[in-house]
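Q: Please go through the labels attached to this model one at a time. For each, set the value against the criterion behind it.

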Amino acid sequence: MNIMDFNVKKLAADAGTFLSRAVQFTEEKLGQAEKTELDAHLENLLSKAECTKIWTEKIMKQTEVLLQPNPNARIEEFVYEKLDRKAPSRINNPELLGQYMIDAGTEFGPGTAYGNALIKCGETQKRIGTADRELIQTSALNFLTPLRNFIEGDYKTIAKERKLLQNKRLDLDAAKTRLKKAKAAETRSSSEQELRITQSEFDRQAEITRLLLEGISSTHAHHLRCLNDFVEAQMTYYAQCYQYMLDLQKQLGSFPSNYLSNNNQTSGTPVPSTLSNAVGSSAMASTSGLGITSPSNVTDLKESSGSRKARVLYDYDAANSTELSLLADEVISVFSVVGMDSDWLMGERGNQKGKVPITYLELLN
């Protein structure tokens, strides 16, 4: 027998097997043939494996979204991964924001309060960006990769053996059907022999599948360790971010608590800085050492009818004609006017007069 004849016979046998399985499957769906049921333990293992696969995929995909919200970037990383190439390094959002802040602060002037604060915030944002990059790398290695290995490795093997078990089960039930229909003794003997073979093959495949499925418990234990690694990576990341922001908050605590950032504001008192307010009582208690006007000095001035000298701490641009523009380090006269808002004093420089914010002044003795 040559190779071509062998291949033709093999194809014919495969076609016959496929047709037999198709007929058996169709008759089962129509209720015209009996179906061998798997034992309850094996069914439970199959259900557990399918459940594990579904939730692992969902957790894996959502973790990828969490770590990389940009869908285009995720697609690019996927393509590079399939090509077995390293994706090009890209600047992340905190790093980009940080660079914008540093550039803006440099242009406004590092010597100004706003420019200096922008630079400090920008440097912190860039540190957060670095921490974010480390979180992504650690999570991908210790959490996402094991989940992906299960989906693309272990579960594919389970699915393959499960499909093979289904085919063996169809072969077994088809053999049972043929035995029932056999009339002649010779045909019946042949059908009984076929049934013994198919039963043996089915039992063997059921055992192989069961052994693979029992490994799901080990998979859960492994994924639990990976989950702990992911939680630890997140904990490290958030602790770093908290420390960076705490340090930044302390640096910004030396700026005035009421800083008017919008020169177009027409009325009212300077806008409180959220970060400065968040510093709390400890930062307020330390302002006396920074030269900022203390509440007791202001109270004394408001209760007296005289004027005091005050040094200007920061540049200030008047928002309207009722206010007085200020230059850092200049000395002006200030006094209180009945009915004036508590956050303001009246300032005087030569023939110029106008309202000035208290937090921009240091009252002199």
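Q: Why is G129 counted as buried?
A: In this predicted model, G129 has a relative accessibility of 0%. Buried means under 20% relative accessible area, so G129 counts as buried.

Q: Where is G129 placed, and how far is G129 from L96 in sequence and in space?
A: G129 sits in helix α5. G129 and L96 are 33 residues apart in sequence, and their C-alpha atoms are 8.4 Å apart in space.

Q: Why are α5 and α7 called roughly antiparallel to each other?
A: The axes of helix α5 (residues 113-181) and helix α7 (residues 216-252) cross at roughly 175°. Angles over 145 degrees count as roughly antiparallel, and the two helices are therefore given that label. Their axes come within 9 Å.

Q: What makes up the contact of α5 with α7, by class?
A: The contact has 21 nonpolar, ten polar and six charged residues.

Q: What does UniProt place at residues 158-185, and how much of the span is helix in the model?
A: The unreviewed UniProt entry places the feature "coiled-coil region" there. In the model, residues 158-185 are 89% helix and 0% strand, and the C-alpha atoms at the ends of the span lie 41 Å apart.

Q: What is the strand order of the open sheet, and which are the edge strands?
A: The five strands have the order β4-β3-β2-β1-β5, with antiparallel pairing. The edge strands are β4 (352-357) and β5 (361-363), as each pairs on one side only. The twist averages 40° from one strand to the next.

Q: What makes a set of residues a nonpolar core, and which members of the largest one touch the most other members?
A: The members must be buried nonpolar residues joined through side-chain atoms within 4.5 Å. The largest such core has 20 residues, of which L326, I332, V334, L345, V356 and L361 touch the most other members. The elements that give two or more residues to this core are β1 (307-312), β2, β3 and β5.

Q: Which residues are among those of the other core?
A: That core lies apart from the largest one and has 17 residues, including L46, A49, L195 and I216.

Notes. Residues are numbered from 1 along each chain as its sequence is written. This is a predicted model: local features need pLDDT of at least 70, side-chain atom pairs count only at pLDDT 80 or more; totals for chains, interfaces and linings use all residues. Side-chain values use heavy atoms; hydrogens and water are left out. UniProt positions are given in the numbering used here, feature names are shortened, and annotations may be inferred rather than shown by experiment. Helices (H or I, at least four residues) and strands (E, at least two) are DSSP runs, numbered from the N terminus. Axes are lines fitted to C-alpha atoms, for helices over the stretch in contact, and angles run from 0 to 180 degrees between N-to-C directions. Angles under 35 degrees count as roughly parallel, over 145 as roughly antiparallel, 65 to 115 as roughly perpendicular and the rest as oblique. Ala, Val, Leu, Ile, Met, Phe, Trp, Tyr, Cys and Pro count as nonpolar, Asp, Glu, Lys and Arg as charged, and the others, Gly among them, as polar. Two strands pair if DSSP finds at least two bridges between them. Buried means under 20% relative accessible area, exposed over 50%, partly exposed in between (1.4 Å probe, protein chains only).
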